[in-house]
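User: I want to learn how to read a few features of a model. Can you take me through them one at a time?

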Protein chains: 2
Amino acid sequence: MNGVLALDRVSIVLVRTSHPGNIGASARAMKAMGLSRLVLVAPQSFPDPVADARASGAGDLLAGARVVGSLEEALRGTTLSAAITARRRERSVPVKHAREAASELLGHAEHGDVALVFGTETSGLSNDEVALCSMPVCIPTSPGFSSLNLGAAVQVMSYELRMAALAPSAPPVQSDLAAFEDIEGFHAHLERAMTASGFYDPANPKRLLPRLRRLFGRTRLEREEVNILRGILGALERKPD
Amino acid sequence: MNGVLALDRVSIVLVRTSHPGNIGASARAMKAMGLSRLVLVAPQSFPDPVADARASGAGDLLAGARVVGSLEEALRGTTLSAAITARRRERSVPVKHAREAASELLGHAEHGDVALVFGTETSGLSNDEVALCSMPVCIPTSPGFSSLNLGAAVQVMSYELRMAALAPSAPPVQSDLAAFEDIEGFHAHLERAMTASGFYDPANPKRLLPRLRRLFGRTRLEREEVNILRGILGALERKPD
């Protein structure tokens, strides 16, 4: 199973959510990251038109949401579950950071169902609820202001799950890079033009040529770009006065 | 300077935001991740009680927000800027992913001011606005549903900036980068010189100017390099025959 398929095995569990807008925002955040399973534990108001409005295109996740009465029921059948908590330590259990937890959850999702559990807007999860889960997880925040909106927390975790799902891929590469000799031809042309114009004095070179090589060396010139640059130089050399 | 302090040099720039709730949500997302500089380009409604309500404890960021009339004004003084776009390719410029871009921005923030630019809720940034920035950046989303809420996008990028700040070692970066206005001055000079020499015909621009922006945008020009390039142009313009 590849990572993106494993996203289908991840449930987002929202416990006793107060504001239906946050349920809608969570559905949209999930869908944008390729997640589909939403579980609601005793939501205060659901279904609700405010949730539908905030879902904005992710109404299918709301329609397919499983509504249950307790966290135990929500977690039944999962092999690994993470409790999102603002506290950095839970009863002396070390708390994993979001990125590490997402990677671990996704790895397990290749073999079975997993869950990410979010508490209420005002007080999060109770200690008993955290204890029901396999591990406490926190999203790193500023020590002075750790107040994340519920939908925003779901967004960050869903994003981390997607990043974990994307297999390490080759970095994007440019095509049509200029050949060594094309670039050398450009540098020679530039030097001629600078000399003829008086900007560059070969008898007193300073560090001008190495600096220009460094500049254009960084940019990985394409063949067509070398042609443009030489076209500009040629036109400036011929410039009518 | 350590990474967390560098977060103070990062501006979040919201361009022509329609819904004040998204401005409030962005402020809260920023503050939770330790960011403080909010810049609003021609917001549809600001200040606004809806923004205040959604900021929920981050009202100080709203109170301190800088409101300007144009993206150029917002970017003045920055040395690196990232345009958030849903498109995976911008006019054949490779688009960086959120994580890589956050790391690059934060590295540069140790030496100067940087900006992250977000467009409108419905249509994002225009091509011209993307071209004003140093690099296009996308947040990886599901191919079938790439619709991120504006506040959620700010949340993800702010989170990635914080994660980059917490990273043990920032990658080495160039110092002494040219400021936005210096680079704009160079492009204006280049256009004048190309026009005067006949290489560039403003009546038939083809894609010459965007191509040159792309070329020099990739290379992260330093201040001194801009001086050299303008010196070359000036000398060629004055060239004795």
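User: How far is the sulfur of A:Cys138 from the closest cysteine sulfur, and in which residue is that sulfur?

Analyst: Note that this is a predicted model. A disulfide is a covalent bond between the sulfur atoms of two cysteines. Here the closest cysteine sulfur to that of A:Cys138 belongs to A:Cys133, 15 Å away, so it is too far for a bond. The cut-off is 2.5 Å. A:Cys138 is buried, at 4% relative accessible area.

User: What is the closest cysteine sulfur to that of B:Cys138?

Analyst: The one in B:Cys133, at 15 Å, again too far for a bond. B:Cys138 is buried as well, with 4% relative accessible area.

User: How many disulfides are there over all chains?

Analyst: Zero, from a search of the whole structure.

User: Next, cores. Which residues have the most contacts inside the largest nonpolar core?

Analyst: A core joins buried nonpolar residues through their side-chain atoms. The largest one holds 93 residues, and A:Leu38, A:Phe118, B:Leu38 and B:Phe118 have the most contacts inside it. Helix H8 of chain B, residues 150-166, gives the most to this core: 10 residues. Another core lies apart from it, with 34 residues, including A:Ile232 and B:Phe216.

User: What does A:Leu38 touch beyond its neighbours within four places in sequence?

Analyst: Its contacts include A:Ile12, A:Ile23, A:Met30, A:Leu61 and A:Arg66.

User: Last one. Is B:Ser26 buried or exposed?

Analyst: Buried, because its relative accessibility is 0%. B:Ser26 sits in helix H2 of chain B, residues 20-32. Not counting residues up to four places away in sequence, B:Ser26 touches B:Leu14, B:Gly151 and B:Val154.

Notes: Residues numbered from 1 in each chain as written. Chains lettered and ligands numbered in written order. Predicted model: local features only at pLDDT ≥ 70, side-chain atom pairs only at ≥ 80, totals over all residues. Heavy atoms only, no water. Helix = DSSP H or I, 4+ residues; strand = E, 2+ residues; numbered from the N terminus. Buried < 20%, exposed > 50% of the residue type's maximum accessible area, 1.4 Å probe, protein only. Contact = heavy atoms within 4.5 Å. Core = buried A, V, L, I, M, F, W, Y, C linked by side-chain atoms within 4.5 Å.
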